[in-house]
Amino acid sequence: MKFKQGIRDGIPIGLGYVAVSFAFGILAVDKDLSVAQSVLISAANVTSAGQFAGLTIMASTGSLIEMALSQFIINLRYMLMSISLSQKVDEDFKGIWRWILGFAVTDEIFAVAIQSPGKVKRNYFAGLIILPILGWVTGTLGGALLGNVLPAALSSALGVALYGMFIAVVIPKAREDGHVFIAVLIAIAISVALKYIPFFSGLSDGFAIIICTLAASVMAAILFPVEVEEDEF
């Protein structure tokens, strides 16, 4: 029963992942990766922002240091999510299942699992992650195979799906919290400065991503510190 419930809860996540990963597959092949390489990246990572950033670094022949730093910063939230979720799982989550939990945690999977009533059962989590991971990998495969077959207009439209997803995630939260909106504006301003100020012309895309992420996060933390109640400890 728990496994079936996990499958049902994972259906909307899996469907959403197909669209975004399809765009990744199109872009990956456009950046001269093979179909097999594109699918392998998605199967081994399952991280939209991290994969797109990594693809940008690879296409610009960035260094391994850029790749490592950008992936660490972009995907740091998954480490925190895994730690948080590990406190909610039941006693059957041992050994390899801890590894699976860390690998399979995404924003959407974490949100569904952490809000489930009671302890997160191993069977439930197994069912929850199957369709999202399958959707992510098969969507990438479809995009990689069909990217060069689909009409150019349709390929271009699908290629901006990631940006649409980010806008859909950021805008509601920015409208709800003005601090988030200001943090987004800071990141945009830094990105524009790095792109168009001649002094930064030699800066690679990888380091530009790292600088934008760190600078915007630090400035937002300084400007809008989060007050922690004493009874939260």
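## Ser 42

Ser 42 is buried, and its relative accessible area is 0%. The model is predicted. Ser 42 sits in helix H2, which spans residues 35–45.

The side chain of Ser 42 makes a polar contact with the side chain of Thr 140, at 2.6 Å. Beyond neighbours within four places in sequence, Ser 42 is in contact with Phe 24, Gln 51, Trp 136, Val 137 and Thr 140.

## Salt bridge Arg 77 to Asp 107

How many salt bridges does the structure hold? There are 2. One of them pairs Arg 77 with Asp 107. Their closest N and O atoms are 3.0 Å apart. This pair links distant parts of the chain, 30 residues apart. Arg 77 belongs to helix H5 (residues 76–86), and Asp 107 belongs to helix H7 (residues 107–114).

Arg 77 is partly exposed, at 27% relative accessible area. Asp 107 is also partly exposed, at 28%.

## Salt bridge Lys 121 to Asp 90

Lys 121 forms a salt bridge with Asp 90. Here the closest N and O atoms are 3.9 Å apart. The cut-off is 4 Å, so this pair counts as a salt bridge. The two residues are 31 apart in the chain and link distant parts of it. Lys 121 lies in the loop between H7 and helix H8 (122–146). Asp 90 lies in the loop between H5 and helix H6 (96–104).

Is Asp 90 buried or exposed? Asp 90 counts as buried, because its relative accessibility of 5% is under 20%. Lys 121 is partly exposed, with a relative accessibility of 34%.

Key: Residues are numbered from 1 along each chain as its sequence is written. This is a predicted model: local features need pLDDT of at least 70, side-chain atom pairs count only at pLDDT 80 or more; totals for chains, interfaces and linings use all residues. Side-chain values use heavy atoms; hydrogens and water are left out. A salt bridge is a side-chain nitrogen of Lys or Arg within 4 Å of a carboxyl oxygen of Asp or Glu. Helices (H or I, at least four residues) and strands (E, at least two) are DSSP runs, numbered from the N terminus. Buried means under 20% relative accessible area, exposed over 50%, partly exposed in between (1.4 Å probe, protein chains only). A polar contact is a pair of N or O atoms within 3.5 Å; within protein, one must be able to donate a hydrogen and the other to accept it, and residues adjacent in sequence count only if both atoms are side-chain atoms. Contact means heavy atoms within 4.5 Å.
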